[in-house]
Amino acid sequence: MIKSLIYNLPPLDKNRPPLSGAIIANVCAKQGHDCSTVDLQFELDQFLHTQCCDVSFFDDVFYEQSAGFSNEQIQFLEKFIHQHLDTIANSKFDYIFVSLFSYLAQQFGQIFLPILRKHTTAKIVIGGAGLIYTSNVGNLLSFGEKLKQQNVIDEFITGEAEQSIPMYLTVGQGPGIGNYNFKQIDNLDDQPWPDYTHYNLGNYNYLGLQELAIIGSRGCVRSCTFCDVAKLSPKYRYRSGQNIADEIIHHYETHGITRFYFADSLVNGSFKNFDAMCNALARYKFEQPISWSGQYIVRSKQSTPKDHFDMLQKSGCDTLFIGLESGSDRVRKELGKPFTNDDTEYYLENFDQNKIKVLLLMFTGYVSESEQDHAETIGMFKRWQKFVASGTIQGIETLNILSILPGTPLEQMAVNNNYLFLSNHKNDVNLRSWVDPTNPNYDFLARVSRHMDLMEEAIKYKWPLWNGALAMQLYEQAVQEFVNSPMKYKTLKTISIAASK
Amino acid sequence: MKLCFNLTGNHCNEYPFLTIYYNKDNIYCDYICNQTVLTFDVDSSDIGIVTLSGIQKSNGLDGKWDTMLDNGGRIVKDKNLQINNISIDNIDMNKSWINCLPMHKENNKTIPCQAGMWDNGSIQFAIKTPVLNWIIEEKFINPTIQRRNSVNDFSGQDKFDYDYIQRKIKSIKSIIHDQKSNL
C-alpha cells in the first residue's frame, strides 16, 4: 500500500487541528493511501515546552513578515526538525505532502524542507494558500518554483487539493501541477469532508470546548483592493447549506464536537445557502447545543431583515469576525466594502438583541486615508462603546497597518503610480514601507503614529484589544528596524528587474 | 441614568420586603411579589451608590419561620428575593457580576450574594462615571485581572493589557519623535 505523510507547517492556529491536513488525508485515503499526519505547529509547541522556552519564542517572525529568524531561532528550529525527523526515520513513506497555510509559513518551510529532503526518499510535494503569495510584477520565481529549481521538493501544487492531488498522483501534470494555472472545482458538494480521525483531538486546548474547523465556501463575493483571496480563489463557490449542516452534524455525531469554526473568507456570501444551513442547524435536534463562529460580511441594512438575526441565533451562531477595516465610510467604499457605519450600527444592535458576539477586524493607513478619515475611525470608539459594555463587541484586532501584498489590486496600483518601497541588496521588500511619491509625508512612521492614536482612543473607551500586546511588541520592533534600516527606497518595477537578473 | 432591576420575590408566610436607595434617596420601598421589573431614572452623579436592603425574614422571631421544610429536610417554601438581572442604561450586567455582589448580613459577615437575598441584609454597589467605562471595568476588566493574578502561567497578553500597551505606545512615539528630530 502506498504510504503518505501529510505535514502542516507553522505558523498555524494552535488551538485546533488543521483543516487542510484533514482534507488532504481524506483525499489521499480515497486514492488508497495509508495516511499519517503531523501538525508541526503542535509538535513545535511541545518541543518549546520541553526546552522550557516560551511559546511566543517565534512570534516575532511568524507574525512579522519583514523579520527573519535569528541565528538562535534557526539553531533551535534545526534541532527541533532533526529530533522530529528521527521519530519518523523508520517509516518509509512514498509521498510527503506539505501544506503551507499562509505566506508566513514560507520562512519555516525554507528551513524545514531542505532538511526533510536529506532524510527521505519520498516524493515531496508542497501546496496550500501560502504558495499563492507571489507578485504579479515582473518574472520573479515563486516560492514553489525556487524550491523545485533547487531540488528541495519534487513538485508544487496550486489550486484545490481535492482536484490537484489525484491529478498529480495519476497523471503527474496538468493545471495547478508545477504551475499557477489551476482550475477551480465547480461542485464543492461532491468533495470529501475533512477527516479528523487522523488527528488526536485531545492534543489541542481549543480555548475551551473542543472545536473543529470546516469550510463552506471558497473565494469571496467581494474583491477588496488590499486582499489576495481573489488570486487564490478567483471565483466564489459555495457548498449547499444542507451539505454544510450535514457535515457539522457528522462531526457532532462522530466526535461529539459541539463547537465549529468556519475557515471561509465569509460565511454569508450566498444568502440562499447560508439561510439553508442556518435553518437546517436550527431544525436538527442536537442533544447538546452546538455553536459556530466565522467571518461574516455586513451589507446594507435594507438588504438584511431583522429575522435574519433571529435565524443566526437559533442556528448556534456564537461569534462573528467582521472585516470593518476602517471607521470611514469613504475609505471602506474605496477599498471595496460599500457598507456604512449606519449599516454597521444596525447590525450591531441586532447582534446585541440576539446575543451574538463580534470581533472587528481593522487596519490603519489605507493608501488614501485622510486626516478626516482617520478622525472618523477614532470617533468609532466612543460611538460604539455601548456595544463593548454589553459584551457584543468582544474585541478589535489591532495587528494591522496596511501592507501592500503581492498579487493584490493595490500592488498593481502601486506599480502604476510608482510607489516606493524599502528594499535591500537581495531585493527583499518591506511591504509596509510603501510611500506614494505624491504624498511623501504619509510614510510608514506617519501611519504608525495614526495607529498609536487609534490604540490610545481604544484604551480611553476601554475596548478589548485582540493581540494588543503582541501588536505593540511587533510594531516597536518594526519601527526600530525601519529607522535603522540600510534599505533604500525603490519602485516595485526596479526591484523586479533587479531580482530577475 | 436608567436603573432597572428584574427581581423575583418568593413567598413563604409573606413576600420579601425590599428597600432601594440611590445615594441617600429612597427610590423603592415595598414587597416584591413574584417576578417584578423595577425601573428608575436617577441623576448621574460622580458616584452613585445603590443599596438594596431587605428582606424582613422573621428568623424565628415570635416563633415565626419564613422557610418551610418537608420531612426529609428539603426546603419546599422560602421567603427570598432572586436578582434575575440588573441593567444600567439598558445594558445588562452579567450573571457572574451579580453573583459576586457583596451581601452584608445582619451578623456583620459579608458574602457573595449569589444572585439573591436569601436572608436579611443589604447589597451595595457604587456606579462611577463615565458609566460605560465603569460597566466595562466591572463586567470584563476586573474579572480578567483577577483571573490573571490567579493563574501562574499568565502570558502577559490578554485583551485588557493596557499598562503594557501604553508603555509600548510611549516607546514607539519616542522612537518616531527622535527620528523626526534627526531629520
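**Exercise 1. Characterise the contact between domain 1 and domain 2 of chain A.**

*Solution.* Step 1: In this predicted model, 30 residues of domain 1 of chain A are in contact (heavy atoms within 4.5 Å) with 39 residues of domain 2 of chain A. The domain assignment, automatic or taken from a database, sets domain 1 at 3-190 and domain 2 at 209-500.

Step 1: The C-alpha centres of the two domains lie 25 Å apart. Between them the domains bury about 3,000 Å², and carbon and sulfur atoms account for 54% of it; buried area is the accessible area (1.4 Å probe) that two parts lose on being put together, summed over both.

Step 2: Five salt bridges are found across this interface, a salt bridge being a side-chain nitrogen of Lys or Arg within 4 Å of a carboxyl oxygen of Asp or Glu. Eight residue pairs, both residues at pLDDT 80 or more, are in polar contact across the same interface. A polar contact is a pair of N or O atoms within 3.5 Å; within protein, one must be able to donate a hydrogen and the other to accept it, and residues adjacent in sequence count only if both atoms are side-chain atoms.

Step 3: On the side of domain 1 that touches domain 2, helix H1 (19-30) and helix H3 (59-62) of chain A are the elements that give two or more residues. Helices (H or I, at least four residues) and strands (E, at least two) are DSSP runs, numbered from the N terminus.

The conventions are as follows. Residues are numbered from 1 along each chain as its sequence is written, and chains are lettered from A and ligands numbered from 1 in the order in which they are written. Because the model is predicted, local features need pLDDT of at least 70 and side-chain atom pairs count only at pLDDT 80 or more, while totals for chains, interfaces and linings use all residues; side-chain values use heavy atoms, with hydrogens and water left out.

**Exercise 2. Describe the salt bridge of Arg218(A) and its setting.**

*Solution.* Step 1: Side chains of opposite charge can pair when their charged atoms come close. Arg218(A) is paired with Glu160(A), and their closest N and O atoms are 3.2 Å apart.

Step 1: The pair links distant parts of the chain, 58 residues apart: Arg218(A) is in strand E7 (residues 217-218), and Glu160(A) is in the loop between E5 and helix H7 (161-170) of chain A.

Step 2: Arg218(A) counts as buried at 15% relative accessibility, and Glu160(A) counts as buried at 10%. Buried means under 20% relative accessible area, exposed over 50%, and partly exposed in between (1.4 Å probe, protein chains only).

**Exercise 3. Describe the interface of chain A and chain B.**

*Solution.* Step 1: Chain A contributes 33 residues to the contact and chain B contributes 29 residues. The area buried between the chains is about 2,700 Å², with 66% from carbon and sulfur atoms.

Step 1: Four salt bridges cross this interface. In one of them, the side chains of Glu456(A) and Lys173(B) meet at 2.9 Å, N to O. This pair runs from helix H17 of chain A to helix H3 (residues 162-182) of chain B. Glu456(A) is partly exposed at 34% relative accessibility, and Lys173(B) is partly exposed at 35%.

Step 2: There are twelve residue pairs in polar contact across the interface of chain A and chain B, both residues at pLDDT 80 or more. Helix H15 (385-390), H17, strand E16 (465-466) and helix H18 (468-483) of chain A each supply at least two residues of the side of chain A that touches chain B. The largest share of that side, ten residues, comes from H18(A).

**Exercise 4. Locate the largest nonpolar core.**

*Solution.* Step 1: A nonpolar core is a set of buried Ala, Val, Leu, Ile, Met, Phe, Trp, Tyr and Cys residues joined through side-chain atoms within 4.5 Å. The largest such core has 135 residues, and Trp292(A), Leu312(A), Trp463(A) and Phe5(B) have the most contacts inside it.

Step 1: Helix H17 (residues 444-460) of chain A gives the largest share, eight residues. Both domains of chain A give residues to this core, so it lies between them.

Step 2: Another core, of 39 residues, lies apart from it and includes Leu48(A) and Phe93(A).
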